[in-house]
Structures are given as C-alpha cells and as structure tokens.
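Take a look at the chain shown below.

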Amino acid sequence: MHSHLSFENPPALPHEVVVETMERALRDRSAEGEAAGVLVGTALNDDDAGFIEHWCVQVGTRAVSGSPLLGLAGLCLGHAARRFGRLGDEALALAESLSARAQADPTDVDGRALDGYDDVRSFLHLW
C-alpha cells in the first residue's frame, strides 16, 4: 500500500501572529522551525509587500550565523521580488549580502539565499 504525500504552502497569518513568532524565533532558536513556516507563508501569500520586506530584513539581519532562517530570508526576498516586481534598497542589499555569505560559507548562510538572489536579479532585471 502506498501513501501519497502532499505538500501545501503555509498560509499567511495575521500580522500580530507573524510578529510574535518571528520575535520569539530571533530570541530562541528552538522556535526557528515554526518561524520558517510563518515566514514562507507570509512571503508567498500576504499582500503587504512592505510587511514581507520588513520581516525578511529583520530575520536576515538579526538571526545568528548558521541559522536556517538566514537563507530562508534571502529566498523569501526572491518570492517578494517575483510577486511584487520590486524591493526596497535595504532588502535588495540584504538579498545580495546573504547570497554572498552563502557562496563564501554555506555553514553561515545556506544555499537558499543564492536561489533567492537569483530570483531577485531575474524578476527585477538586474542581470
């Protein structure tokens, strides 16, 4: 008997839940798993581009080296660039920085930051 696994992207949650979850994960690494799903759901499904950027920047600048949230913040900036066709200067600089860090040391920032920056460059025509 075969079971069929399916994956569904996490939903966008109310902003107050996102803020609380992200702040908790930035204080306590044991909450990073929950925060990852919340950040992805926000990047893929929330309609507030500024809110998405803000939390990607918060996570990407405040998470500690080696945190999986760093690469994920870069990836989610790529999602935002694809969805909205723009990023602010701070978010754009962060996507580039996280990508460079991932390329230099994948134990610092994982490779999802490279994928995110590729999306940023592609969707914002930065080639």
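Helices here are DSSP runs of H or I with at least four residues, numbered from the N terminus. The model is a predicted one.

## Two helices side by side

Two packed helices are described by the angle between their axes and the distance between the axes. Start with helix α4, residues 68–84, and helix α6, residues 112–123. Their axes come within 7 Å and cross at roughly 20°. Angles under 35 degrees count as roughly parallel, so α4 is roughly parallel to α6. The crossing of α4 and α6 is left-handed.

Which residues of α4 and α6 meet? From α4 come Pro68, Gly71, Leu72, Gly74, Leu75, Leu77, Gly78, Ala81 and Arg82. From α6 come Arg112, Ala113, Asp115, Gly116, Asp119, Val120 and Phe123. By class, the contact of α4 with α6 has eight nonpolar, four polar and four charged residues.

Leu77 lies in helix α4. Is Leu77 buried or exposed? Its relative accessible area is 0%. Buried means under 20%, so Leu77 is buried.

What does Leu77 touch, leaving aside its neighbours within four places in sequence? Its contacts are Glu53, Cys56, Leu87, Ala91, Leu94, Ala95 and Val120. Val120 belongs to α6 and is part of the meeting with α4. Now take Val57. Leu77 and Val57 are 20 residues apart in sequence. In space, their C-alpha atoms are 8.6 Å apart.

Cys56, one of the contacts of Leu77, has a relative accessibility of 0% and counts as buried.

Cys76 is in no disulfide either. Cys76 is also buried, with a relative accessible area of 0%. By this rule, the disulfide count comes to zero.

Most residues other than glycine have a negative phi. His125 is not a glycine, yet its phi is positive, at about 55°. Where does His125 lie? It sits in the segment after α6.

Is His125 buried or exposed? The relative accessible area of His125 is 69%. Exposed means over 50%, so His125 is exposed.

Methods
Residues are numbered from 1 along each chain as its sequence is written. This is a predicted model: local features need pLDDT of at least 70, side-chain atom pairs count only at pLDDT 80 or more; totals for chains, interfaces and linings use all residues. Side-chain values use heavy atoms; hydrogens and water are left out. Axes are lines fitted to C-alpha atoms, for helices over the stretch in contact, and angles run from 0 to 180 degrees between N-to-C directions. Helices (H or I, at least four residues) and strands (E, at least two) are DSSP runs, numbered from the N terminus. Angles under 35 degrees count as roughly parallel, over 145 as roughly antiparallel, 65 to 115 as roughly perpendicular and the rest as oblique. A crossing is left-handed if the near helix is turned anticlockwise from the far one by less than a right angle, and right-handed if clockwise. Contact means heavy atoms within 4.5 Å. Ala, Val, Leu, Ile, Met, Phe, Trp, Tyr, Cys and Pro count as nonpolar, Asp, Glu, Lys and Arg as charged, and the others, Gly among them, as polar. Buried means under 20% relative accessible area, exposed over 50%, partly exposed in between (1.4 Å probe, protein chains only). A disulfide is a pair of cysteine sulfur atoms within 2.5 Å.
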